[in-house]
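Have the structure open as you read.

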Amino acid sequence: MRGLRGGVAALLVGVLAGCGGEAEPKAAADFGEELFQDARLSESTFNRFSCATCHVATPEAPAGRMDSGHTLYNVAARPSWWGGAETRLLDAVNFCYLNFMRGVTKLEVEDPRSRALYEYLSRISPDAQASALPFTVVKDIQDVPPGEAARGEAVYRAACQNCHGATHTGEGRLTELASVLPEVTQDYDRLFPGIPHAQVVIEKVRHGPFFGVGGNMPPYSTEALSDADLGALLTYLGL
């Protein structure tokens, strides 16, 4: 979306005019904030992720929340995203949109949703320039040292429960497609014969859907989830 900066990203006044009978048009940034919070940004009936599922719009995440994605505060002022892999903001958005939100086709520059999202992301980017944020992907997974179960319980609540719900029951999970932990590991001997259950979970956490484990869970970088916290989580899950 960097190309939208030079005048193309004018306010999307009236974008919702005629949609719902509103008397007054909405500013593009307000519409973008709605899209940020709404899983229906994606056309897929199977998607339950919104941008806000994995990102906050404040400088820091609130206590008790560990997201796979960085805060989007100042995101439009950064020179790159996804650890330097993307150098256009729209491409960074589309990476999430296509891989995790089950979008069918990428968002194009002239799509009103793209333009509205850009206006909202610009509004929460008050600085003219901001540093790129690190996103370190573990290339080859390895076992991690076990940690304390009490810490693992806190990690589960902060990083996992919003999507997976309560352990053992899945109560409150974001979608029925989200696995129930740790009960899902009972299927691992059949699905991943010969692989220790903990390694399958580590693979899923570190690489998301990109190496054939399945699902569409975003990966956790080492900045988002340390090996120490991951080890504590595995202990809590009995792995």
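## H7 against H8

Ala198, Val201, Ile202, Val205 and Arg206 in H7 meet Asp227, Leu230 and Leu234 in H8; contact here means heavy atoms within 4.5 Å. Sorted by type, the residues of this contact come out as 6 nonpolar, no polar and 2 charged. For that sorting, Ala, Val, Leu, Ile, Met, Phe, Trp, Tyr, Cys and Pro count as nonpolar, Asp, Glu, Lys and Arg as charged, and the others, Gly among them, as polar. Helices are DSSP runs (H or I, at least four residues), numbered from the N terminus.

This is a predicted model, so local features need pLDDT of at least 70 and side-chain atom pairs count only at pLDDT 80 or more, while totals for chains, interfaces and linings use all residues. Residues are numbered from 1 along each chain as its sequence is written, and side-chain values use heavy atoms, with hydrogens and water left out.

As for geometry, the axes of H7 (residues 197–207) and H8 (residues 227–236) come within 11 Å and cross at roughly 135 degrees. That makes H7 oblique to H8: angles under 35 degrees count as roughly parallel, over 145 as roughly antiparallel, 65 to 115 as roughly perpendicular and the rest as oblique. The axes are lines fitted to C-alpha atoms, for helices over the stretch in contact, and angles run from 0 to 180 degrees between N-to-C directions.

## H8 and its cover

Which residues of H8 are buried? They are Asp229, Leu230, Gly231, Ala232, Leu233 and Leu234, where buried means under 20% relative accessible area, exposed over 50% and partly exposed in between (1.4 Å probe, protein chains only). What covers them includes H5 (149–164) and H7.

H5 packs on H8 at an angle of about 100 degrees, with the axes 7 Å apart, which makes H5 roughly perpendicular to H8. On the H5 side, the contact is made by Ala149, Arg151, Gly152, Glu153, Val155, Tyr156 and Cys160, and on the H8 side by Asp229, Ala232, Leu233, Thr235 and Tyr236. That set divides into 7 nonpolar, 2 polar and 3 charged. After H8 comes glycine 238, with a positive phi near 75 degrees.

## H1 against H4

H1 (residues 28–37) and H4 (residues 112–123) bring their axes within 7 Å and cross at roughly 95 degrees, so they are roughly perpendicular to each other. H1 residues in the contact include Phe31, Leu35 and Phe36, and those they and their H1 neighbours meet in H4 include Ala116, Leu117 and Tyr120.

How many disulfides turn up in a search of the whole structure? The count is 0, a disulfide being a pair of cysteine sulfur atoms within 2.5 Å. The sulfur of cysteine 51 has its closest cysteine sulfur 7.4 Å away, in cysteine 96, which is too far for a bond. Cysteine 96, in turn, has the sulfur of cysteine 54 as its nearest, at 7.2 Å. Cysteine 51 is buried at 15% relative accessible area, and cysteine 96 is buried at 19%.

## Glutamate 223 in the loop

Glutamate 223 sits in the loop between H7 and H8 and is partly exposed, at 36% relative accessible area. Leaving aside neighbours within four places in sequence, glutamate 223 is in contact with Pro134, Phe135 and Thr136. Phenylalanine 135 is 88 residues from glutamate 223 in sequence, yet their C-alpha atoms are 6.6 Å apart in space.

Notes
Helix = DSSP H or I, 4+ residues; strand = E, 2+ residues; numbered from the N terminus.
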